[in-house]
Amino acid sequence: MNCIIVDDEPLARAEMRSLINETSKTEILGEFSNAPSALDFLKTNDVDLIFLDIEMPMVTGLEFAEMLPEQSLIIFTTAYSQYAVKSYDLEAVDYLLKPIDPQRLDKAIKKAIQYTELLSKNTVKNTVESNTPEFLFIKADRRFYKVNISEIKFIEALKDYVVIHTRQQKLITAMNLKTIHQKIPLELFLRVSKSYVVNMDFIDSFDNHNIYIDESEIPLGEVYRSDFFTKYAGGFLNPEA
């Protein structure tokens with residue numbers, strides 16, 4: 001996997017370069033102090049992963065993310081936690097708060113590598129062909145695979161696909177999140193942001209901003225928060241408390 005670093009602070013770029021070199025074998029193709037220069041580079045170079053700061057002059061990281069080619073994955077790096085939900089609305093792989101923890105960086109890079117592999121293997125687009133109250137039938141490589149709905153922990157939007165996270169594996173299918181949500185039991189699966197649908201039976205814990213399922217931290221979108229607290233917590237908890 002290769003990557004570029006986009007951050008207007010020289011020290012932040014140097015720190016990120018050092019952390020990437022220490023924690024992974026990811027090849028750094030370039031470093032850029034602003035979005036326009038990074039965009040020029042992307043016109044002639046294929047980049048797998050972009051480490052992207054948010055608060056930058058001229059063009060913010062969030063604005064830049066909307067201009068990126070479909071194949072490039074994003075990990076946002078910022079000192080400001082208030083951008084977390086918006087970053088996932090842009091289907092970022094992860095969101096790292098500065099100062100960046102090496103273990104969190106390692107986890108984010110491994111996730112990006114895994115998603116790159118999923119996307120590259122999906123040359124013949126997997127599709128959900130049918131469903132019952134208990135199963136989804138996914139067509140892949142001219143075969144049909146039965147996925148037990150009760151085994152699905154959560155579903156994540158990724159570019160033009162969704163990633164279905166089950167107990168045993170991750171499956172990628174060519175479908176948007178709204179469509180697949182309509183194929184599974186609404187009393188069990190709850191939309192919690194623009195990029196995530198969760199199986200309420202698998203929720204380990206939550207706070208006002210995140211839901212935790214196993215080791216996954218799932219953002220809770222502002223417009224979905226009240227509905228989540230009503231349906232999951234029965235309205236007995238105050239999300240503003």
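A salt bridge is a side-chain nitrogen of Lys or Arg within 4 Å of a carboxyl oxygen of Asp or Glu. The views below come from a predicted model.

**View 1. Glu-31 and Arg-17 form a salt bridge.** Their closest N and O atoms are 2.7 Å apart. Glu-31 lies in strand 2 and Arg-17 in helix 1, so the pair ties together parts 14 residues apart in sequence. Glu-31 is partly exposed, at 30% relative accessibility. Arg-17 is also partly exposed, at 32%.

**View 2. Strand 1 pairs with strands 2 and 3.** Strand 2 (residues 27-32) runs parallel to strand 1 over 5 bridges, with Asn-2 opposite Glu-27. Strand 3 (residues 49-53) pairs with strand 1 in the parallel sense over 4 bridges, and Val-6 stands opposite Leu-52. Strand 1, helix 1 (residues 10-23) and strand 2 make a right-handed β-α-β unit.

**View 3. Lys-153 meets Asp-214 in a salt bridge.** The closest N and O atoms are 2.8 Å apart. Lys-153 lies in strand 9 and Asp-214 in the loop between strands 15 and 16, so the pair ties together parts 61 residues apart in sequence. Lys-153 is buried, with a relative accessible area of 14%.

**View 4. Asp-7, Asp-53 and Lys-98 belong to one network.** Salt bridges that share partners join these residues. The structure holds 10 salt bridges.

Key:
Residues are numbered from 1 along each chain as its sequence is written. This is a predicted model: local features need pLDDT of at least 70, side-chain atom pairs count only at pLDDT 80 or more; totals for chains, interfaces and linings use all residues. Side-chain values use heavy atoms; hydrogens and water are left out. Two strands pair if DSSP finds at least two bridges between them. Helices (H or I, at least four residues) and strands (E, at least two) are DSSP runs, numbered from the N terminus. A crossover is right-handed if, with the strands pointing away from the viewer, the path from the first strand over the helix to the second runs clockwise. Buried means under 20% relative accessible area, exposed over 50%, partly exposed in between (1.4 Å probe, protein chains only).
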